[in-house]
Amino acid sequence: LLQEMTSPEVADAISCRLPFIFPVGSLEQHGPHLPLGTDAFIPYAIAKRVAISLPGVVAPPLIYGGYSMPRTGGGREHPGSSGLPLGLLVEVLCNIVNEWMSQGVDRVVLLNGHWENSPALLEAGDRLHRGPRPCKVVVLSYWDVVTLDERREILGDTYSPGLEHASVSETSLIQHILPSLVRLDRRVKGGAEESLSYDVFPPVGRSLWKHGVGASALDSSADAGRELFDLLSKRLSHVLSVEFPGH
């Protein structure tokens, strides 16, 4: 963990060309049962597991991400949600990673845990690899490494891609990673009165998730969370061993 290392230890890691894994999440409402930091906690936990076997250096997660949007995160009207314009997020990411690159880091992973961050991470990755110092950047969201069929097999029929915010997958993962932070008795079915295929500002009330939950969280379980977490960690380890061989 980068924040627990001494400066000479970091220098040794850089000389060994260990990849730096940078989890990027959000501070965003996740219904009445999950903590605001869910989107940072999940990729951070996966990164820590992966770095044991890879090996690699795990940076502290960036908990402020792109603004929550009504159809993907429930919207910023929910108390506690706070985010950054995507252009500013790109600058924050590039400035932090450029500091590492100036010290000799040449392998970086931007590991995303928040849907709205995706375009910002892609732009940051493109800018960083085109910078004055050579650097290879892997950009991915943690859910990208498992298929839809695999997720459904683990999580069951209530898994709903496109609505998986504070729902069965995130709830199960947090039940496994940080069980003390899940308010099990407050899980809800979630959803909106009407599903729209477009966005309206100000948001249309009937299309908002009443409880800030996209789909049902009622069938979540720590066992499913552990199985999904293990698969995510295994797949991410494989991706990084392919992209960063020989370290």
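**Note on the predicted model**

1. Residues are numbered from 1 along each chain as its sequence is written, and side-chain values use heavy atoms, with hydrogens and water left out.

2. On overall dimensions, a compact globule of 247 residues would have a radius of gyration near 18 Å, and the protein agrees with this because its own value is 18 Å. The radius is taken over C-alpha atoms, and the globule rule is 2.2 Å times the number of residues to the power 0.38. Along the principal axes, the C-alpha atoms fill a box of roughly 55 × 40 × 30 Å.

3. The secondary structure consists of 8 helices and 4 strands, where helices (H or I, at least four residues) and strands (E, at least two) are DSSP runs numbered from the N terminus. Read from the N terminus on, the order of elements is α-β-α-β-α-α-β-α-β-α-α-α. Among contacts (heavy atoms within 4.5 Å) with a separation of 6 or more, 77% are accounted for by residues 24 or more positions apart.

4. The largest nonpolar core has 37 residues, of which I21, I46, V109, L111, Y142, L232 and L240 touch the most other members. Such a core is a set of buried Ala, Val, Leu, Ile, Met, Phe, Trp, Tyr and Cys residues joined through side-chain atoms within 4.5 Å. At least two residues of this core come from each of α2 (38–53), β3 (107–112), β4 (136–141), α6 (148–155), α7 (168–177) and α8 (222–243). A second, separate core has 28 residues, including I14, V90, M101 and V137. In soluble globular proteins, nonpolar side chains tend to be buried together.

5. I21 deserves a look of its own: once neighbours within four places in sequence are left aside, I21 is in contact with A47, V50, L54, V57, V58, A59, V109, L111 and L240.

6. S233 belongs to helix α8 and, because its relative accessible area is 2%, is buried. Not counting residues up to four places away in sequence, S233 touches I46, R49 and V50. S233 and K48 are 185 residues apart in sequence, yet their C-alpha atoms are 9.2 Å apart in space.

7. Which residues does H33 contact, leaving aside its neighbours within four places in sequence? They are A166, T171, L181, V182, R183, R186, R187, V213 and A217. H33 sits in the loop between β1 and α2 and counts as buried because its relative accessibility is 0%.

8. Backbone geometry calls for a check at several sites. Most residues other than glycine have a negative phi, and most peptide bonds are trans. A166, in the loop between α6 and α7, has a positive phi near 60 degrees, and A166 is buried because its relative accessible area is 0%. R17, in the loop between α1 (7–15) and β1 (20–24), also has a positive phi, near 60 degrees, but R17 counts as partly exposed because its relative accessibility is 38%.

9. The bond from L54 to P55 is cis, with omega near -15 degrees, and P55 is placed in the loop between α2 and β2 (57–58). The bond from F201 to P202 is cis as well, with omega near 0 degrees, and P202 lies in the loop between α7 and α8.

10. The loop between α7 and α8 also holds L178, which counts as partly exposed because its relative accessibility is 27%. The C-alpha atoms of L178 and A222 are separated by 9.8 Å, although the two residues are 44 residues apart along the chain.

Technical notes:
This is a predicted model: local features need pLDDT of at least 70, side-chain atom pairs count only at pLDDT 80 or more; totals for chains, interfaces and linings use all residues. Buried means under 20% relative accessible area, exposed over 50%, partly exposed in between (1.4 Å probe, protein chains only).
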